[in-house]
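Please walk through this structure with the sequence at hand. The paragraphs below take up its sheets, its salt bridges, some backbone angles and its surface.

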Amino acid sequence: MASSTALTDLAENFFLCSVCLDQYKEPKQLPCLHRYCRNCLKTVIQASSGGKLKCPLCKQEYVIPENGVDDFKTDFHMNSMLEFIQLQKSFENKDIKKCVSCFKNTKVSAYCFKCRDYLCGQCCKVHVISKMFTDHKTRILRLDNMEAKNMTLDKLTSLTEDPRCHIHDKKEAQLCCSSCENVPVCIACTYNKHKGHDLHDVTEIAERERKLLKQEFAKPTKYKNQLYGLQTKIQTTAEKLNENAVKKTEGLTNQHKQQTQEIADQLAEYTKERKRGLEDIECRRRVNDGQITLNLEEELRQVREEYDEISKTANQKYDKESEDFINKCDITEGPLLRKLGSLKANFQNLTTANELRVYENKDVLKQITEYCEQVIKRYENLKAKTSCVLASKDDWTDVQCIPDIRAACEPMIKEMKKEFPVLESLSDFSVCDIQKVTAADIEQDSPSLISLCAFFLLTVFFFCLLSSFFFYLLFLFNVL
């Protein structure tokens with residue numbers, strides 16, 4: 001890939017990790033030059049076994065280093081391109097960023113790769129003019145240069161800051177250590193960890209590496225035609241394979257149809273023979289079933305006649321027994337039914353007498369209640385009058401009213417002390433029990449029993465009337 005290649009010429013998936021299918025995050029590179037996110041590669045290593053890692057894309061195996069994912073090289077070239085893409089998205093979306101110089105949140109117009117931060121329009125001008133930022137001038141990317149179609153890889157490289165020492169990250173690297181896989185080092189490292197190593201200027205090593213890369217890349221280029229020719233051969237072979245497969249499939253299909261038709265013809269003949277045999281068997285079955293049915297119907301007719309005769313004889317026998325039993329039950333149940341009728345009449349008479357007695361007692365209670373309510377009203381009036389007079393403390397009023405109140409107290413006391421002994425007898429009364437009637441009595445003298453019951457009920461009725469009259473006289477005597 002030439003250094004003048006524009007970023008838009010790169011495939012869209014060039015910046016996507018083939019494991020997580022997202023943009024690279026801390027890309028790590030395998031010896032086969034396939035790169036993956038640091039965490040994705042770590043996951044692949046954890047899922048590997050036998051101390052070997054298989055590249056998910058080309059399936060080449062590599063020994064897992066001692067420090068795992070950290071020992072694989074970081075793809076700094078991809079990091080630079082990713083950084084530019086993030087900047088481009090921020091400018092396109094017009095994100096609000098904080099200017100590194102004035103600290104204002106605004107729409108930025110430039111980015112300084114030396115400061116590794118955003119600049120507003122005013123601070124960008126100062127950055128370019130001020131002598132303090134002379135070494136920053138070539139590291140500033142303006143908004144009008146953010147179009148990816150105008151940005152090539154060599155332009156992007158010229159903007160990015162020189163790498164820092166891999167040990168002293170605050171110092172710029174002046175040399176490159178060939179003994180340690182071309183890592184960037186500062187002057188201080190040449191006297192310590194990298195003392196005695198093969199140290200060179202990075203430009204010198206870069207030129208040498210480019211020259212070696214061209215030489216090495218020329219070798220596989222020789223086989224380019226063979227490689228693409230192999231692809232053509234594979235395509236031609238695949239087409240022939242498909243053609244032969246189609247021909248073979250057609251031949252097999254024809255053979256299958258021919259043999260299938262022969263077998264189908266044989267099956268059709270066997271089916272006809274099967275049908276004829278089954279029809280013959282069914283015909284003989286129907287004849288046999290008809291004969292069996294005739295024999296069965298004759299035997300059933302004879303059995304039915306015998307059954308009807310036996311059933312008729314048995315029914316006559318049980319009908320006679322039922323009639324005799326019903327007559328016997330009527331003789332037994334007749335007196336009992338008459339007894340129930342007599343008990344019902346006796347109960348109704350006693351219930352009537354009971355209701356009459358209750359009505360009379362309630363009438364007496366009503367009269368006593370009315371008398372009691374009148375006395376209570378008179379007492380309440382006396383009580384109110386007395387309270388009013390005593391509370392007024394008016395001498396003239398008291399002299400005139402109190403004698404009348406005192407005179408009303410004595411008859412009130414007599415009425416309040418009055419008792420009603422009759423109340424104890426009003427809540428209870430005696431009614432005769434239902435007379436026990438036997439079936440023998442009903443059979444011997446039913447008319448005499450009815451007469452006695454009527455006489456008894458009349459006696460009870462007159463007794464209740466006399467009792468009510470007596471209680472009423474007693475009540476009047478007590479009132480007067």
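In this predicted model, an open sheet is formed by 3 strands in the order β2-β1-β5, with antiparallel pairing. Its edge strands are β2 (35-37) and β5 (73-74), each of which pairs on one side only. Between β1 and β5, which run antiparallel, there are 2 bridges. Lys28 has Thr74 in β5 as its bridge partner. Helix α1 (residues 38-47) packs on the sheet and touches β1 and β2; the direction of the helix makes about 100° with that of β2. Strands of a sheet pair through backbone hydrogen bonds, either parallel or antiparallel.

A salt bridge joins the side chains of Arg35 and Asp75, at 2.6 Å from N to O. Arg35 belongs to strand β2 and Asp75 to the loop between β5 and α2 (76-92), so the pair ties together parts that are 40 residues apart in sequence. Arg35 and Asp75 are both buried. Side chains of opposite charge can pair when their charged atoms come close.

The count of salt bridges comes to 9. Others among them lie in helix α6 (residues 224-392). There, Glu298 forms a salt bridge with Arg301, with the closest N and O atoms 2.6 Å apart. Glu298 and Arg301 are 3 residues apart in helix α6, about one turn of the helix. Arg301 also forms a salt bridge with Glu305, and here the closest N and O atoms are 3.0 Å apart. Glu305 and Arg301 are separated by about one helical turn, because they are 4 residues apart in helix α6. Through shared partners, these salt bridges join Glu298, Arg301 and Glu305 into one network. How accessible are the members of this network? Glu298 counts as partly exposed, at 35% relative accessibility. Arg301 is partly exposed as well, with a relative accessible area of 37%, and Glu305 counts as partly exposed at 47%.

Helix α6 also holds Leu230. Together, Leu227, Leu230 and Ile234 make a nonpolar surface patch of about 300 Å². Leu230 has 45% relative accessibility, so it counts as partly exposed.

Strand β11 (residues 175-177) is joined to β13 by 2 bridges, and the two run antiparallel. Opposite Cys176 stands His200 in β13.

Some backbone angles deserve a look. Most residues other than glycine have a negative phi, and most peptide bonds are trans. Leu21 is not a glycine, yet its phi is positive, about 60°. Glu26, also not a glycine, has a positive phi of about 55°. Leu21 is placed in the segment before β1 (27-29), and Glu26 also has its place in the segment before β1. Are these residues buried or exposed? Leu21 is exposed, with a relative accessible area of 66%, and Glu26 is exposed at 55%.

Finally, the protein as a whole. Its secondary structure comes to 9 helices and 13 strands. Of the 480 residues in the protein, 22% are buried. Among contacts between residues at least 6 apart in sequence, 48% join residues at least 24 apart. The protein exposes about 36000 Å², of which carbon and sulfur atoms supply 57%.

Conventions:
Residues are numbered from 1 along each chain as its sequence is written. This is a predicted model: local features need pLDDT of at least 70, side-chain atom pairs count only at pLDDT 80 or more; totals for chains, interfaces and linings use all residues. Side-chain values use heavy atoms; hydrogens and water are left out. Two strands pair if DSSP finds at least two bridges between them. Buried means under 20% relative accessible area, exposed over 50%, partly exposed in between (1.4 Å probe, protein chains only). Patches are made of residues with over 30% relative accessible area and no salt bridge: like charges are joined within 9 Å, nonpolar side chains (Val, Leu, Ile, Met, Phe, Trp, Tyr) within 5 Å. Accessible areas come from the Shrake-Rupley method with a 1.4 Å probe; for residues, only the protein chains shown count as cover. A salt bridge is a side-chain nitrogen of Lys or Arg within 4 Å of a carboxyl oxygen of Asp or Glu. Contact means heavy atoms within 4.5 Å. Axes are lines fitted to C-alpha atoms, for helices over the stretch in contact, and angles run from 0 to 180 degrees between N-to-C directions.
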